[in-house]
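Let us walk through this model contact by contact. Keep the sequence beside the picture as you read.

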Amino acid sequence: MRDFRTIIEVLKEHIANGSKAKVYDKDVANLLNISQSKFATIKKRNSTPFVEVLEYCHQKDLCCNEIFFEANNSSLSR
(Lines give C-alpha, C1' and ligand atoms only; values in the text may rest on other atoms or scores of the structure.)
Protein backbone atom coordinates (compact mmCIF):
# COMPACT_ATOMS: atom_id res chain seq x y z
CA MET A 1 0.00 0.00 0.00
CA ARG A 2 1.21 3.47 -0.84
CA ASP A 3 1.86 6.11 1.78
CA PHE A 4 -0.14 9.34 1.74
CA ARG A 5 2.56 11.39 0.04
CA THR A 6 2.57 8.95 -2.88
CA ILE A 7 -1.23 8.91 -2.95
CA ILE A 8 -1.15 12.72 -3.24
CA GLU A 9 1.10 12.45 -6.30
CA VAL A 10 -1.19 9.87 -7.90
CA LEU A 11 -4.21 12.09 -7.25
CA LYS A 12 -2.36 15.05 -8.75
CA GLU A 13 -1.74 13.01 -11.91
CA HIS A 14 -5.45 12.20 -12.14
CA ILE A 15 -6.38 15.84 -11.56
CA ALA A 16 -3.92 17.11 -14.18
CA ASN A 17 -5.36 14.56 -16.62
CA GLY A 18 -2.27 14.54 -18.82
CA SER A 19 -1.90 18.31 -19.03
CA LYS A 20 1.25 20.17 -18.02
CA ALA A 21 -0.73 22.29 -15.55
CA LYS A 22 0.73 22.45 -12.05
CA VAL A 23 -1.54 20.89 -9.42
CA TYR A 24 -0.98 22.07 -5.86
CA ASP A 25 -1.73 20.47 -2.52
CA LYS A 26 -4.53 22.98 -2.02
CA ASP A 27 -6.20 21.64 -5.18
CA VAL A 28 -6.07 18.10 -3.82
CA ALA A 29 -7.41 19.32 -0.46
CA ASN A 30 -10.33 21.07 -2.17
CA LEU A 31 -11.22 18.00 -4.23
CA LEU A 32 -11.14 15.82 -1.12
CA ASN A 33 -13.27 18.40 0.73
CA ILE A 34 -10.58 18.88 3.37
CA SER A 35 -9.45 22.27 4.63
CA GLN A 36 -5.93 23.25 3.64
CA SER A 37 -4.80 23.34 7.27
CA LYS A 38 -6.21 19.87 7.99
CA PHE A 39 -4.63 18.59 4.77
CA ALA A 40 -1.25 19.98 5.82
CA THR A 41 -1.55 18.27 9.21
CA ILE A 42 -2.55 14.96 7.60
CA LYS A 43 0.34 15.23 5.15
CA LYS A 44 2.82 16.02 7.94
CA ARG A 45 1.65 12.97 9.89
CA ASN A 46 1.56 10.87 6.70
CA SER A 47 -1.93 9.76 7.69
CA THR A 48 -4.21 8.80 4.80
CA PRO A 49 -7.79 10.18 4.83
CA PHE A 50 -9.30 6.96 3.47
CA VAL A 51 -12.94 8.05 3.52
CA GLU A 52 -12.27 11.24 1.59
CA VAL A 53 -10.10 9.49 -0.99
CA LEU A 54 -12.70 6.73 -1.45
CA GLU A 55 -15.46 9.33 -1.88
CA TYR A 56 -13.38 11.10 -4.52
CA CYS A 57 -12.78 7.79 -6.32
CA HIS A 58 -16.51 7.10 -6.27
CA GLN A 59 -17.38 10.56 -7.62
CA LYS A 60 -14.84 10.35 -10.44
CA ASP A 61 -15.46 6.66 -11.16
CA LEU A 62 -11.82 5.78 -10.39
CA CYS A 63 -10.63 2.39 -9.23
CA CYS A 64 -9.39 2.87 -5.68
CA ASN A 65 -6.80 0.12 -6.24
CA GLU A 66 -5.04 2.45 -8.69
CA ILE A 67 -4.83 5.09 -5.97
CA PHE A 68 -3.89 2.97 -2.97
CA PHE A 69 -1.73 0.24 -4.50
CA GLU A 70 1.17 -0.08 -6.92
CA ALA A 71 0.12 -1.08 -10.43
CA ASN A 72 2.51 -4.03 -10.53
CA ASN A 73 1.37 -5.46 -7.19
CA SER A 74 1.03 -9.20 -7.83
CA SER A 75 -1.39 -9.67 -4.94
CA LEU A 76 -4.00 -7.76 -6.96
CA SER A 77 -3.73 -10.12 -9.91
CA ARG A 78 -6.20 -12.92 -10.30
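The side chains of Glu70 and Arg2 form a salt bridge, 3.4 Å from N to O. A salt bridge here is a side-chain nitrogen of Lys or Arg within 4 Å of a carboxyl oxygen of Asp or Glu. This one joins distant parts of the chain: Glu70 sits in the segment after α5, Arg2 in the segment before α1, and they are 68 residues apart. Helices are DSSP runs (H or I, at least four residues), numbered from the N terminus. Arg2 is buried at 14% relative accessible area, whereas Glu70 is partly exposed at 41%. Buried means under 20%, exposed over 50%, and partly exposed in between, with a 1.4 Å probe and protein chains only.

This is a predicted model, where local features need pLDDT of at least 70 and side-chain atom pairs count only at pLDDT 80 or more, while totals for chains, interfaces and linings use all residues. Residues are numbered from 1 along each chain as its sequence is written, and side-chain values use heavy atoms, with hydrogens and water left out.

The whole structure has four salt bridges. Which residues are linked in a network of them? They are Glu9, Lys12, Asp25 and Lys43. Asp25 pairs with Lys12, with the closest N and O atoms 2.9 Å apart. Asp25 lies in helix α2 (residues 25-31) and Lys12 in helix α1, so this bridge ties together parts 13 residues apart in sequence. Asp25 also pairs with Lys43, at 2.5 Å between the closest N and O atoms. Lys43 belongs to helix α3, so here the parts tied together are 18 residues apart in sequence. Lys12 is buried at 15%. Asp25 is partly exposed at 22%, and Lys43 is partly exposed, also with 22%.

Now turn to the rings. A pair of aromatic rings is described by the distance of the centres and the angle of the planes. Rings of Phe, Tyr and Trp (its six-membered ring) pair if their centres lie within 6.5 Å; planes under 30 degrees apart are stacked, over 60 edge-to-face, and the rest tilted. The search finds two aromatic pairs. Phe4 is in helix α1 (residues 4-16) and Phe39 in helix α3 (residues 36-45), 35 residues apart. Phe4 is buried at 0%, and Phe39 is buried at 2%. The other pair is Phe50 and Phe68: their centres are 5.4 Å apart and their planes at 35°, so the pair is tilted. Phe50 lies in helix α4 and Phe68 in helix α5 (residues 64-68). Phe50 is partly exposed at 38%, but Phe68 is buried at 5%.

What about the cysteines? A disulfide is a pair of cysteine sulfur atoms within 2.5 Å. The count is zero. The sulfur of Cys57 is 5.8 Å from its closest cysteine sulfur, in Cys64, too far for a bond. For Cys64, the nearest cysteine sulfur is that of Cys63, 5.5 Å away.

A cavity is a set of points on a 1 Å grid over the protein atoms alone where a 1.4 Å probe fits but cannot get out; lining residues have an atom within 4 Å of a point. One cavity of 30 Å³ or more turns up. Its lining is Leu31, Leu32, Asn33, Glu52, Glu55, Tyr56 and Gln59. Helix α4 (residues 50-60) gives the largest share, four residues.

Technical notes
On a 1 Å grid over the protein atoms alone, a cavity is a set of points where a 1.4 Å probe fits but cannot get out, and a pocket is an open set with protein on both sides within 12 Å along at least five of seven lines; lining residues have an atom within 4 Å of a point. Grid points are joined across faces, edges and corners, and a volume is the space filled by probe spheres set on the points. Helices (H or I, at least four residues) and strands (E, at least two) are DSSP runs, numbered from the N terminus.
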